[in-house]
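Here's a quick briefing to read with the structure open beside you. Take it topic by topic and look for each part as you go.

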Amino acid sequence: MPSRAKIEICNVSKVFDGSQRSRTAVFDNVNLSLSDGEFVSLVGPSGCGKSTLLLCVAGLETQSQGKIFLEGKLITKPGPELAIVFQEYALFPWRSVIRNVEYGLEVAGIPAGERAERAREKLALVGLIGFEDYWPHELSGGMRQRVAIARALVTEPKVLLLDEPFGALDALTRSSLQKELSRICQATKKTVLFVTHSISEAIYLSDRIILLSKRPASIRLEVETKLPRPRDPYDLKFVALQEKLERMLLEELPDETKAIAAA
Amino acid sequence: MVRFGEADPIILPSPSTIAVTFVAMLISGELAFHAVNSIARLAIGYSLAAVTGITLGLLVGWFRVANDFFTPLIELTRPISPIALIPLAILWFGIGLGSKVFVITMATFFPILLNTIAGVKNTDQLMIRAARSLGAGHIRLLLTVSIPSAAPFIHTGLRIALSIGFIVIIASEMVAAQNGLGWLILDSERVYRTDIVFVGIIAISCLGFVADYGMRVLGRVLFPWIHAKEQQNA
């Protein structure tokens, strides 16, 4: 199969089989490839299946049709090569911060000393040194999401998948975490697939933006952002691109609302 | 001491009489003797129920085969009243330790089992996904995600079971025993020592309260995140 792409999504469709009558096509015939080190955002109206697509890439959901490859190898199950960060953090509440980050290394059978060292390294990357022994419930939402990012990065995954990671955060925390993520991705040169419904977030972070249509989602538009980093959300080019994409996204909305009302 | 009118001490002894009897029995060691016997029976039966209930609960909650096999059996045996089993227990195990342990185990087993099953089945799918994406397999998911996430449920089951255990131990000792707080209460009633009846009631209530308080403290220490959630919701 294709050689140079880090992630290759080929003709992937997903249908949820409820009963005979309620077959819901979530997305339809999606083709997308991510090259090494690329940051790609999936943007679309809510409920359009972008999160489901991300779960398929993570190996946590199976697509109904099509294939997804990681470095030319078919993805059949989840694993530490494909790290995922969820909107709801999904930290283990019974583990301290550092033990949450260590989890993936524990699974991999890394000895305790090295585990702690590597976990601390990732905590430093997300700016959480000094919070090793805190419980997740003692941290703010933004800090919890930093822990989740450190936990995802600790196994040195080939691809980082983020599912609306900043969706539950307030605007200020959100923008500071966007900055952090941008810096982390530049530093680690990770390939990233990022799901969001915020156009400005997508422009701020991405090399390329994929605009999805309403359900069943298909790729509506691909845009290379091509803005210099670090990006300024008040820059004219930034604003112009944001306006253009937001208008297109809005076109997807009215029918979407109807579809939900009808369902 | 304050007295509200004159009551027949056989029907209702005065608080001061009860207090004097309580202290006397405490000093003589008689109260401790009966309490220790009751607690020992309870401890053995309860521990058996905890070990078997939690083990079976984890299996049924996590493995589909175990679930399909055991669920009908559980549904069938669960409605049996443990108190109704006391005569059978005496027939099978005599009036010694065996019958009491059997009844206690039967009575405390189901709340532990059902809470364990519910706890495992209630594991947050998001946690499962997070762990799977970090490479965890099926058994590791059970050990490192489902069991800790079910632990507060299991703890609640243990707490409920313990309070049931305190009820059932008294009942079973009333039917057949030569000592223990249940025996003490019934035997004293037979000889019209109502003050001792009250001493027995107070003793078992205090023990039950202390045990439950201990369980609550244990819960707060072991599951600090649950406590934090309660505070946030309050």
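This is a predicted model: local features need pLDDT of at least 70, side-chain atom pairs count only at pLDDT 80 or more; totals for chains, interfaces and linings use all residues.

Residues are numbered from 1 along each chain as its sequence is written, and chains are lettered from A and ligands numbered from 1 in the order in which they are written. Chain A has seven helices and ten strands, while chain B has ten helices and zero strands. (Helices, H or I with at least four residues, and strands, E with at least two, are DSSP runs numbered from the N terminus.)

- For the complex, the predictor gives an ipTM of 0.89 and a pTM of 0.88.
- Chain A has a mean pLDDT of 90, with 94% of its residues at 70 or more; pLDDT is the predictor's confidence in each residue, from 0 to 100.
- In chain A, helix α2 (residues 97-107) has the highest mean, 97, and helix α7 (residues 236-262) the lowest, 76.
- Chain B has a mean pLDDT of 93, and 95% of its residues reach 70 or more.

**Overall shape**

- Along its principal axes, the C-alpha trace of chain A spans about 55 × 45 × 40 Å.
- Chain B has a radius of gyration of 22 Å, well over the 17 Å that the rule gives for 234 residues, so chain B is more spread out than a compact globule.
- The box for the C-alpha atoms of chain B is roughly 75 × 45 × 30 Å along the principal axes.

**What's tucked inside**

- Buried residues make up 44% of the 263 residues in chain A and 38% of the 234 in chain B. (A residue is buried if 20 or more other C-beta atoms lie within 10 Å of its own, exposed if 12 or fewer, and partly exposed in between, with C-beta atoms placed from the backbone.)
- The largest nonpolar core has 81 residues, and A:V43, A:V57, A:A150, A:L161 and A:L193 touch the most other members. (Such a core is a set of buried Ala, Val, Leu, Ile, Met, Phe, Trp, Tyr and Cys residues joined through C-beta atoms within 7 Å.)
- Helix α4 (residues 141-153) of chain A gives this core its largest share, seven residues.
- Another core, of 48 residues, lies apart from it and includes B:L42, B:A89, B:I112 and B:V168.
- Leaving out residues up to four places away in sequence, A:V57 touches A:I7, A:I9, A:I68, A:I75, A:L82, A:L161 and A:L193. (Two residues are in contact if their C-beta atoms, placed from the backbone, lie within 7 Å.)

**Strands in chain A**

- One open sheet of four strands has the order β2-β1-β4-β5, with antiparallel pairing. (Two strands pair if DSSP finds at least two bridges between them.)
- Its edge strands are β2 (23-34) and β5 (73-74) of chain A, each pairing on one side only.
- Strands β1 (residues 7-17) and β4 (residues 65-70) of chain A run antiparallel and are joined by five bridges; A:S13 stands opposite A:Q65 in β4(A).
- Strands β9 (residues 208-212) and β10 (residues 219-224) of chain A also pair in the antiparallel sense, over five bridges, and a hairpin of six residues joins β9(A) to β10(A).
- The bridge partner of A:L211 in β10(A) is A:L221.

**A helix in chain B**

- Helix α8 (residues 181-190) of chain B has B:L181, B:G182, B:W183, B:L184 and B:I185 as its buried residues.
- Their cover includes α2 (30-62), α7 and α9 (194-222) of chain B.

**Where the chains meet**

- In this model, 14 residues of chain B are in contact with 21 residues of chain A.
- On the side of chain B that touches chain A, α6 (125-133), α7 (138-175) and α10 (224-233) of chain B are the elements that give two or more residues.
- The largest share of that side, six residues, comes from α6(B).
- By class, that side has nine nonpolar, two polar and three charged residues. (Ala, Val, Leu, Ile, Met, Phe, Trp, Tyr, Cys and Pro count as nonpolar, Asp, Glu, Lys and Arg as charged, and the others, Gly among them, as polar.)

Terms used. The radius of gyration is taken over C-alpha atoms; the globule rule is 2.2 Å times the number of residues to the power 0.38.
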